[in-house]
Amino acid sequence: MWPKSQEILKTNEQWIPGGVVSLNRKSDPNICFTRGMGSRVWDIEGNEYIDYQAGFAATFLGHNDPDITEAVRQALGNDTVLMGAGPTDLEGQFAELFCRHVSSVESLQITSTGSEATYHAMRIARAVTGRDHVIVMQGGYNGWHNDVACNVISSLNDVGPRVSPGEYPFDALSAGIPEVHKSLVHIVNYNDLDSVEYVLKRYPVACLILEPILQNIGIVKPKAGYLEGLRQLADEHGFLLIFDEVKTGFRHAIGGYQSLCGIQPDLSTFGKAVANGYPLGVIGGKKKYMDYFVHPDRDKRVLIAGTYNAFPLTTVAAIATLQKLTSPEHRVYEHVNQLGQRLEDGLNTIFAATGRPFHLARQGSAYCLYFMDHAPVDFHDIAANHDFALDKAYRVKLIEKGIFNFPLPIKQGSISFAHTVQDIDETLEKTEAVVSQLFQQIPHSQIA
């Protein structure tokens with residue numbers, strides 16, 4: 001179906017290792033997308049899709065949202081400049097608007113990516129506490145740097161069976177991470193307070209960083225009392241609690257997921273939806289911690305630098321995004337939550353009719369269909385119970401029908417503000433056809 005896409009990849013491989021500049025984008029089937037508008041995208045072959053990938057959940061308002069595009073055009077027309085000297089009015093406007101809406105953020109800094117933001121957050125935590133060790137989640141993704149490039153979708157052969165209380169081996173996502181550095185990182189399962197306490201008894205911990213909902217292995221929600229327990233442990237043991245809201249922030253609420261769960265972290269990181277897919281990240285939190293960037297003691301001062309931090313086009317996109325998200329005219333969250341409920345109800349009806357195990361996990365506009373009979377509580381639960389082969393086959397069949405979710409099992413689907421009731425109904429109609437075809441082709445013994 002995609003010969004031109006294959007040729008593009010083959011040509012790119014002459015000049016780019018792997019043919020793709022961010023290798024987590026490489027997928028099977030390989031499709032080269034060339035254009036997007038609203039809820040729809042088109043590939044180089046001319047095929048049209050209803051899109052639920054959304055740039056790994058970044059384009060929350062939809063592709064090339066007209067209000068964001070117009071703000072960027074005006075900035076270009078005004079000859080806006082990135083001077084690299086002195087403050088800018090745009091970064092101040094954005095910071096004030098942001099801090100008004102996220103109650104835990106008293107001040108902030110702007111980066112170009114979410115990974116940079118998590119890197120800075122962990123560096124602050126080490127400067128504040130004078131400690132080196134960190135806790136991260138099995139099944140969480142917090143960026144590409146050494147502290148967190150590990151243990152996302154691991155093989156159980158690499159990390160072993162569930163342990164609680166206890167921790168898991170460092171399952172590196174990359175070569176080049178020093179062994180001595182790995183010894184500072186402690187991996188535990190999400191929703192497991194006993195294992196957090198296990199690590200705290202053994203190591204001087206500077207911070208614990210987590211997505212408040214695990215959204216890189218689908219949608220895994222916190223158990224009752226889990227996030228509250230982390231907050232209490234942070235207060236008791238003196239480590240910083242960091243919420244990585246690069247995916248959850250602004251997709252679920254204007255104050256981030258923290259405004260829904262009622263737990264205030266010490267530091268937070270944001271990205272993706274905050275600028276509707278323009279390359280902008282945020283680190284923010286309590287002023288007493290953020291001021292380590294300007295600490296009077298040179299030995300305690302934390303460096304932040306970046307030529308493209310608060311690049312004017314991305315900053316105006318972020319300002320316009322926050323303005324639209326807070327607009328009573330658009331009622332963004334009401335719209336996407338209604339669509340999310342419509343999709344959930346429809347998928348539940350379709351899969352209930354098959355008589356086979358499934359669970360549709362959803363938080364607002366983000367969702368994931370699991371082929372297991374209950375809501376997952378952590379990565380090991382998914383690894384033990386989810387049918388990965390069926391998930392892959394299901395995603396590929398949907399893509400062939402013009403419904404695009406990333407073709408890797410347990411990856412989140414994302415509804416945008418640009419989606420319509422008609423988009424959801426078309427998605428459900430094609431899903432029903434795919435499910436009928438798929439379950440006829442695969443014997444029950446292979447998918448039950």
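A total of 19 salt bridges is found, where a salt bridge denotes a side-chain nitrogen of Lys or Arg within 4 Å of a carboxyl oxygen of Asp or Glu. One of them joins the side chains of Arg-40 and Asp-423, with an N to O distance of 2.8 Å. Because Arg-40 belongs to strand S2 and Asp-423 to helix H16 (residues 421-441), this pair ties together parts that lie 383 residues apart in sequence. Helices (H or I, at least four residues) and strands (E, at least two) are DSSP runs numbered from the N terminus. The model is a predicted one, in which local features need pLDDT of at least 70 and side-chain atom pairs count only at pLDDT 80 or more, whereas totals for chains, interfaces and linings use all residues. Residues are numbered from 1 along each chain as its sequence is written, and side-chain values use heavy atoms, with hydrogens and water left out.

Strand S2 is also part of an open sheet of 4 strands, arranged in the order S1-S2-S3-S13 with mixed pairing; two strands are taken to pair if DSSP finds at least two bridges between them. The edges of this sheet are formed by strand S1 (33-37) and strand S13 (403-404), each of which pairs on one side only. S1 and strand S2 (residues 40-43) run antiparallel and are joined by 4 bridges. Within this pairing, Phe-33 stands opposite Asp-43, while Met-37 faces Arg-40, the residue that takes part in the salt bridge with Asp-423. The two strands form a hairpin with 2 residues between them, and in the turn Gly-38 has a positive phi of about 65 degrees.

A further open sheet comprises 3 strands in the order S11-S12-S14, with antiparallel pairing. Strand S11 (359-363) and strand S14 (413-414) stand at its edges with a single partner strand each, so one side of each is left without a neighbour in the sheet. S11 pairs with strand S12 (residues 366-370) in the antiparallel sense over 5 bridges, and the bridge partner of Ala-361 in S12 is Cys-368. Helix H13 (residues 332-352) lies across S11 and S12, and runs at about 175 degrees to S11.

Two helix pairs were examined, with axes fitted as lines to C-alpha atoms over the stretch in contact and angles running from 0 to 180 degrees between N-to-C directions. Helix H4 (residues 89-101) packs against helix H12 (residues 312-325) at an angle of about 30 degrees, with the axes 9 Å apart. H4 and H12 are therefore roughly parallel to each other, a term that covers angles under 35 degrees. H4 passes H12 in a left-handed crossing, meaning that the near helix is turned anticlockwise from the far one by less than a right angle. Contact, defined by heavy atoms within 4.5 Å, brings Leu-90, Glu-91, Gln-93, Phe-94, Leu-97 and Phe-98 of H4 to Pro-312, Thr-315, Val-316, Ala-318, Ile-319, Leu-322 and Gln-323 of H12.

In the other pair, the axes of helix H8 (residues 193-200) and helix H9 (residues 226-237) come within 10 Å and cross at roughly 15 degrees. H8 and H9 are therefore also roughly parallel to each other. The residues in contact are Leu-193, Val-196, Glu-197 and Leu-200 of H8, together with Tyr-226, Gly-229, Leu-230, Leu-233 and His-237 of H9.

Conventions: Parallel < 35°, antiparallel > 145°, perpendicular 65-115°, else oblique.
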